[in-house]
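Subject: Handing over a structure, with notes

Dear colleague,

I am passing on a structure that I would like you to look through with the notes beside you. Please open the model first and then read on.

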Amino acid sequence: MSDLILQGSVVAQANVNIALIKYWGKAPERGVWEQNLPAVPSLSLTLDGLQTETRVRFAPEAADDRVVLDGVTLEGGALERCRPILERVRELADLAAPFHVESTNRVPTAAGLASSASGAAALAAASSRCAGLTLSLEELSALARLGSGSACRSVFPAWSAWEGAHARPIAGPEHWDVALVVAVIDAGPKSVGSRDAMNRTARTSPLYAGWVGSARADFEAGLRAVEARDLHALSIAMERSTLRMHASAMGADPPILYWKPASLSVVEVVRELSTRGVPCGWTMDAGPNVKVLCEGSSADEVREALAGIEGVTEVIVCGPGPGLQVAVEREAS
Ligand code: DP6
């Protein structure tokens with residue numbers, strides 16, 4: 001029997017994930033609910049401590065969905081990005097009522113980390129449960145993908161892989177004691193958002209075909225390295241994936257360049273640390289901040305080395321984090 005939450009709400013928490021092997025570019029849409037299918041496979045680490053909490057209830061009295069993020073009611077493009085998830089839930093549950101959504105990002109604003117992935121994953125979990133759907137984690141992952149591709153990986157704890165309609169779990173937080181050390185260089189909004197940037201790259205960059213053609217080898221090397229807890233091999237694969245993704249973006253027209261001088265300084269320090277026998281590897285997303293993966297036991301040393309770099313405004317250390325958490329909050333009737 002369906003357990004529709006008409007009185008009360010559902011609250012879900014999802015954590016930010018960072019891709020070590022990148023998603024950059026979409027496969028052609030084959031039909032309805034086929035958006036954000038990836039052109040390349042990706043591999044990620046879900047982080048602890050950086051989280052979105054989303055509370056959803058039905059609003060039968062309202063004319064439309066209302067989504068409030070950190071106290072601000074979303075409009076325009078920001079609201080439309082949530083819409084595919086809410087529409088899909090209504091379709092699956094055969095309901096018409098609008099949703100009232102309140103979401104809080106527990107990601108320090110100074111972290112400069114995008115919370116769209118944790119936001120879409122939490123929205124998928126809370127809205128589907130509120131509508132009485134009991135979806136598997138794979139189904140929740142596919143639902144989260146409708147809001148933002150990378151969100152499908154935030155459903156799972158720690159290590160997950162994504163190719164096709166949904167992500168899959170690879171290993172939990174206990175598998176490997178690693179730290180992801182974030183060197184914040186610019187905490188402001190991205191110069192070009194990842195969706196526009198990857199679409200422009202696919203449309204205009206002569207280097208895009210090379211990126212897509214080489215991505216699977218890096219993904220498979222990354223998977224093997226995670227399984228073997230081989231930080232050296234994982235560093236090689238993640239840096240190669242990152243550099244090739246950024247090279248394809250730089251080849252777009254107009255070009256997309258996320259690097260700042262301090263980004264390169266961090267890369268140099270990572271190389272020095274590795275040469276000194278502190279194994280670590282770096283990655284960068286659609287912005288200048290650099291994320292450095294190292295063994296948990298080296299986190300302090302890496303943090304100190306990054307904090308001393310000119311242009312690095314903040315350093316944040318994260319470990320492997322949990323997957324989705326969902327709770328129903330019923331009101332007494
Ligand atoms: C560079 O998931 O934000 O962070 O699917 O269009 O919402 P949409 O894009 P999004 O892109 C993330 C790009 C990336 C790499 C990654 O997370 O794999």
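Predicted model: local features only at pLDDT ≥ 70, side-chain atom pairs only at ≥ 80, totals over all residues.

Residues are numbered from 1 along each chain as its sequence is written, and side-chain values use heavy atoms, with hydrogens and water left out.

The elements named below are DSSP runs numbered from the N terminus, where a helix is a run of H or I of at least four residues and a strand is a run of E of at least two. Two strands are said to pair if DSSP finds at least two bridges between them.

Strands of a sheet pair through backbone hydrogen bonds, either parallel or antiparallel. Here, four strands form an open sheet in the order β9-β10-β8-β11, and their pairing is antiparallel. At the edges are β9 (280-284) and β11 (314-318), each of which pairs on one side only, and from one strand to the next the twist averages 25 degrees. Between β9 and β10 (residues 290-295), which run antiparallel, there are five bridges; to find one place where they meet, look at G281, whose bridge partner in β10 is L293.

Two helices belong to this picture, and for them contact means heavy atoms within 4.5 Å, while axes are lines fitted to C-alpha atoms (for helices, over the stretch in contact) and angles run from 0 to 180 degrees between N-to-C directions. Helix α7 (residues 261-275) lies across β8 (178-184), β9 and β10, and runs at about 165 degrees to β9. Helix α8 (residues 299-307) also packs on the sheet, where it touches β8, β10 and β11, and its direction makes about 10 degrees with that of β8.

**Strands β3, β4 and β5**

Strand β3 (residues 66-69) pairs with β5 (residues 99-106) in the parallel sense over four bridges, and R66 stands opposite H100 in β5. With β4 (residues 72-73), on the other hand, β3 pairs in the antiparallel sense over two bridges, and the bridge partner of V68 in β4 is T73. The hairpin of β3 and β4 has two residues between the strands, and in it D70 takes a positive phi near 50 degrees.

Two packed helices are described by the angle between their axes and the distance between the axes. The axes of α1 (residues 76-93) and α2 (residues 116-130) come within 10 Å and cross at roughly 20 degrees. That angle makes α1 roughly parallel to α2, because angles under 35 degrees count as roughly parallel, over 145 as roughly antiparallel, 65 to 115 as roughly perpendicular and the rest as oblique. In this contact C82, I85, L86 and V89 of α1 meet A120, L123, A124, S127 and S128 of α2.

The axes of α2 and α3 (residues 137-147) come within 8 Å and cross at roughly 125 degrees, which makes α2 oblique to α3. Here A120, A121, A124, A125 and S128 in α2 meet L140, L143, A144 and G147 in α3.

How many of the 11 residues of α3 are buried (under 20% relative accessible area, with exposed meaning over 50% and partly exposed in between, for a 1.4 Å probe and protein chains only)? Eight of them are, so that the helix is mostly covered, and the buried residues include L140, R145 and G147. The buried residues of α3 pack against α1, α2, β6 (159-162), β7 (167-171) and α4 (194-204).

**Helices α5 and α6, and S241**

Helix α5 (residues 208-228) packs with α6 at an angle of about 160 degrees, with their axes 9 Å apart, and that makes α5 roughly antiparallel to α6. Among the residues that meet are W211 and D218 in α5 and R240 and S241 in α6.

Finally, please find S241, which has its place in helix α6 (residues 231-250). Is S241 buried or exposed? S241 is buried, with a relative accessible area of 1%, and, not counting residues up to four places away in sequence, S241 touches L20, I21, K22, W211 and D218.

With best wishes
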